[in-house]
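This report walks through a protein model for someone meeting it for the first time. Please look over the sequence and the structure before reading on.

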Amino acid sequence: MNIGQAANASGVSAKMIRYYEQIGLIPPAGRTHAGYRDYTEKDVHVLRFVRRARDLGFSVAEIDGLLQLWRNRRRRSADVKRIALDHIEDLQRRIADMQEMAATLQQLATCCSGDDRPDCPILADLEHPSAAAAKEPKRRRGAVDDRGVGKRKAQRG
């Protein structure tokens, strides 16, 4: 099947499929005589795995590790559970961070009169953060965290 069909069957966009191949998360698809990507049901199965892991918030690097464990029939389920529990801890930490941000913004919005005057405590806080907000910035994990994936790509290359 072509990349569009694989995208529809897996729920992963064609752009993301190309990206995952480029970074080495998934192996490159076979090619037709005309040079088009040709995906198998096995490829779609792997893409569905990746999609589900992304839906659960795992980073690209974490998914790479999960794929390795998934392919290793000699794996220990304890290794998989450790990754899941670490991820839960990270999610809970991020939820707490977001709740803290929401509470801060709520407090700032409450202090803002929201009228025609230029005075705005929200902008004032962004310009000059309070002592509590000026502490060291927290690490924010983005949508793509590719630590460790480059090593896999080099090994496959």
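## Overall make-up

Helices (H or I, at least four residues) and strands (E, at least two) are taken as DSSP runs and numbered from the N terminus. On that basis the protein has 7 helices and 2 strands, and along the sequence these follow the pattern α-α-β-β-α-α-α-α-α. The model is a predicted one, in which local features need pLDDT of at least 70 and side-chain atom pairs count only at pLDDT 80 or more, while totals for chains, interfaces and linings use all residues. Residues are numbered from 1 along each chain as its sequence is written, and side-chain values use heavy atoms, with hydrogens and water left out.

Of the 157 residues, 25% count as buried, where buried means under 20% relative accessible area, exposed over 50% and partly exposed in between, for a 1.4 Å probe and protein chains only. Contact here means heavy atoms within 4.5 Å; among contacts between residues at least 6 apart in sequence, 61% join residues at least 24 apart.

## Helix 1 and its two partners

Two packed helices are described by the angle between their axes and the distance between the axes. Axes are lines fitted to C-alpha atoms, for helices over the stretch in contact, and angles run from 0 to 180 degrees between N-to-C directions. Angles under 35 degrees count as roughly parallel, over 145 as roughly antiparallel, 65 to 115 as roughly perpendicular and the rest as oblique. The axes of helix 1 and helix 2 (residues 14-23) come within 9 Å and cross at roughly 100°, and the two helices are therefore roughly perpendicular to each other. Ile3, Ala6, Ala7 and Ser10 of helix 1 meet Ala14, Ile17 and Arg18 of helix 2. These residues divide into 5 nonpolar, 1 polar and 1 charged, with Ala, Val, Leu, Ile, Met, Phe, Trp, Tyr, Cys and Pro counted as nonpolar, Asp, Glu, Lys and Arg as charged, and the others, Gly among them, as polar.

Helix 1 (residues 3-10) also packs with helix 3 (residues 41-55), at an angle of about 50° and with the axes 9 Å apart, so helix 1 and helix 3 are oblique to each other. In this pair the contact involves Ala6, Ala9 and Ser10 of helix 1, together with Val44, Leu47, Arg48 and Arg51 of helix 3.

## Ala7 within helix 1

Ala7 lies in helix 1 and is buried, with a relative accessible area of 12%. Leaving aside neighbours within four places in sequence, Ala7 is in contact with Val12, Ser13, Ala14 and Ile17. Ala7 and Ile17 are 10 residues apart in sequence, and their C-alpha atoms are 7.5 Å apart in space.

## Helix 4 against helix 5

Helix 4 (residues 60-71) and helix 5 (residues 77-111) pack at an angle of about 160°, with their axes 10 Å apart, which makes helix 4 roughly antiparallel to helix 5. Glu62, Leu66 and Leu69 of helix 4 touch Asp79, Val80, Ile83 and His87 of helix 5, and the residues of this contact divide into 4 nonpolar, 1 polar and 2 charged.

A disulfide is a pair of cysteine sulfur atoms within 2.5 Å, and a search of the whole structure finds 0 disulfides. The sulfur of Cys112 is 3.9 Å from the closest cysteine sulfur, in Cys120, which is too far for a bond. Cys112 counts as partly exposed because its relative accessibility is 21%, and Cys120 counts as partly exposed at 22%.
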